[in-house]
Amino acid sequence: MALKGILGFEHGIVQAPLGPDISGPELVAAVANAGGIGLLRCPDWECPDYVREMIRKTKTLTDKPFGMGVVLAFPHELNVKTILEEKVAVLQLYWGECSKELVDDAHSAGVKVVPQFHIDLAPTRKAVDVGVDAIIVQGHEAGGHVSGKDGLFSLLPRVVDLVGECDIPVIAAGGIVDARGYVAALSLGAQGVCLGTRFVATHESYAHPIYKRKLIEYEKTEYTDIFGRARWPGAPHRVLETPFFDDWRSLPSHENEVDQPVIGRSTIHGVGMSPLQEKEIRRFAGTVPNMTTTGDLESMAMYAGQSVGLIKEILPAGEVVKSLVEEAQLLILKKFNNVA
Ligand SMILES: Cc1cc2nc3c(=O)[nH]c(=O)nc-3n(C[C@H](O)[C@H](O)[C@H](O)COP(=O)(O)O)c2cc1C
């Protein structure tokens, strides 16, 4: 039996956009070459030339379709214009309203729009009404920024019911790392799955090797708001429960990264966190360590989803896609078709 692809892609496996600067051209191309939906992560400041360069570099590594994710909470209009000009296959949106104008512009450029939601059903309904092409439902289990408190098991079927008659794919995100999670999501009505943490722990991700290693070593995560409070207020996140996090989990609410000591340096999308800032990383910054990061990495934020304990090795990204598909097919045959 074959699992159905979505949005014109061979497989319903989405590699989440991983910010800042973790899902670059190499990772996205590897996922695309395996038939999955790879998503670049757009920088959080206006830099259309750089965005164009990222997309074009990815096109040199794959002739398959791919997309780009934009966090709407940050400046993005010129970047989005460039993404549409470059006609990537998918524009993924997060943390902001998905307007009809934006959806119409994307569709005129031949680009599909796929927002990710995490809070409640009203914004999801609105997005369906303005014509988005699929919805990603993010459960509380998810790594990275997430403000919804509902787990995927209860949230996903409600969203499936909500969009039911509209015939657009619902994609499940949060705590899925292997075929068991994929099949569970399919049973709950999803047509695709979106994985973040599993793809951070791949050869091609731009995460620092120490961050990748910790994803293998650590079993537990915590939902918190201690990182990046000044830069992205009101944006709780799920991180690895490292010794540093344990020491500071009760950080008083008036504290943030602004007056903290510098603990490292990083190059993010070729520059600092914004053109106006230094490339310094202060304690409690929301920046995860990428390949370029130096300094006290143990004290930096490391986003991860609740199923991190199931990740046992760093794999090629294409193998993640392939084994999800192949093992899900086997699992379905064994569990649901009574095949030994
Ligand atoms: C390191 C990291 C960075 C992330 N950055 C983004 C982002 O920039 N935009 C976005 O829509 N989601 C982002 N996410 C969340 C994912 O879209 C997705 O909801 C989540 O990874 C799913 O849970 P999982 O990590 O358990 O697979 C990020 C997740 C991680 C782990």
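Two residues are in contact if their C-beta atoms, placed from the backbone, lie within 7 Å. By that criterion, 18 residues of domain 1 are in contact with 18 residues of domain 2. The structure is a predicted model, in which local features need pLDDT of at least 70 and side-chain atom pairs count only at pLDDT 80 or more, while totals for chains, interfaces and linings use all residues. Residues are numbered from 1 along each chain as its sequence is written.

**Domains**

- The protein chain is assigned domain 1 (13-205 + 311-336) and domain 2 (217-306); such bounds come from an automatic or database domain assignment.
- A distance of 23 Å separates the C-alpha centres of domain 1 and domain 2.
- The side of domain 1 that touches domain 2 comprises eight nonpolar, eight polar and two charged residues. In this classification, Ala, Val, Leu, Ile, Met, Phe, Trp, Tyr, Cys and Pro count as nonpolar, Asp, Glu, Lys and Arg as charged, and the others, Gly among them, as polar.

**Surroundings of the ligand**

- There are 30 residues around the ligand, and those that come nearest are Gly 19, Gly 143, Gly 144, Gly 196 and Gly 305. A residue is near a molecule or strand if its C-beta atom, placed from the backbone, lies within 6 Å of it.
- Both domain 1 and domain 2 contribute to this shell, each with at least three residues.
- At least two residues of the shell come from each of strand 3 (67-71), strand 9 (192-195) and helix 8 (197-200). Helices (H or I, at least four residues) and strands (E, at least two) are DSSP runs, numbered from the N terminus.
- Helix 8 provides the largest share of the shell, three residues.
- Sorted by class, the shell holds 15 nonpolar, twelve polar and three charged residues.

**Helix 1 and helix 11**

- Helix 1 (residues 25-33) and helix 11 (residues 317-336) have axes that come within 8 Å and cross at roughly 35°. Axes are lines fitted to C-alpha atoms, for helices over the stretch in contact, and angles run from 0 to 180 degrees between N-to-C directions.
- On the helix 1 side, the contact is made by Leu 27, Ala 30, Val 31 and Asn 33; on the helix 11 side, by Ala 317, Gly 318 and Val 321.
- Five of these contact residues are nonpolar, two are polar and none is charged.
- The crossing of helix 1 and helix 11 is right-handed. A crossing is left-handed if the near helix is turned anticlockwise from the far one by less than a right angle, and right-handed if clockwise.

**Helix 5 and helix 6**

- The axes of helix 5 (residues 121-129) and helix 6 (residues 152-163) approach within 10 Å, crossing at roughly 35°.
- Helix 5 also passes helix 6 in a right-handed manner.
- Helix 5 contributes Leu 121, Thr 124, Arg 125 and Val 128, which meet Arg 158, Val 159, Leu 162 and Val 163 of helix 6.
- The residues of this contact comprise five nonpolar, one polar and two charged.

**Backbone features**

- Most residues other than glycine have a negative phi, and most peptide bonds are trans.
- Between Gly 19 and Pro 20 the peptide bond is cis, with omega near -20°. Pro 20 is located in the loop between strand 1 (13-15) and helix 1.
- Leu 7, in the segment before strand 1, has a positive phi near 55°. Leu 7 counts as buried because 20 C-beta neighbours lie inside 10 Å. A residue is buried if 20 or more other C-beta atoms lie within 10 Å of its own, exposed if 12 or fewer, and partly exposed in between, with C-beta atoms placed from the backbone.
- Asp 167, in the loop between helix 6 and strand 8 (170-173), likewise has a positive phi, near 60°. Asp 167 is exposed because 6 other C-beta atoms lie within 10 Å.

**Further individual residues**

- Met 54 belongs to helix 2 (residues 48-61) and counts as buried because it has 25 C-beta neighbours inside 10 Å.
- Leaving aside residues up to four places away in sequence, Met 54 touches Pro 25 and Leu 40.
- Lys 312 lies in the loop between strand 14 (294-295) and helix 11, and is exposed because 11 other C-beta atoms lie within 10 Å.
- Lys 312 and Thr 287 are 25 residues apart along the chain, and their C-alpha atoms are separated by 24 Å.
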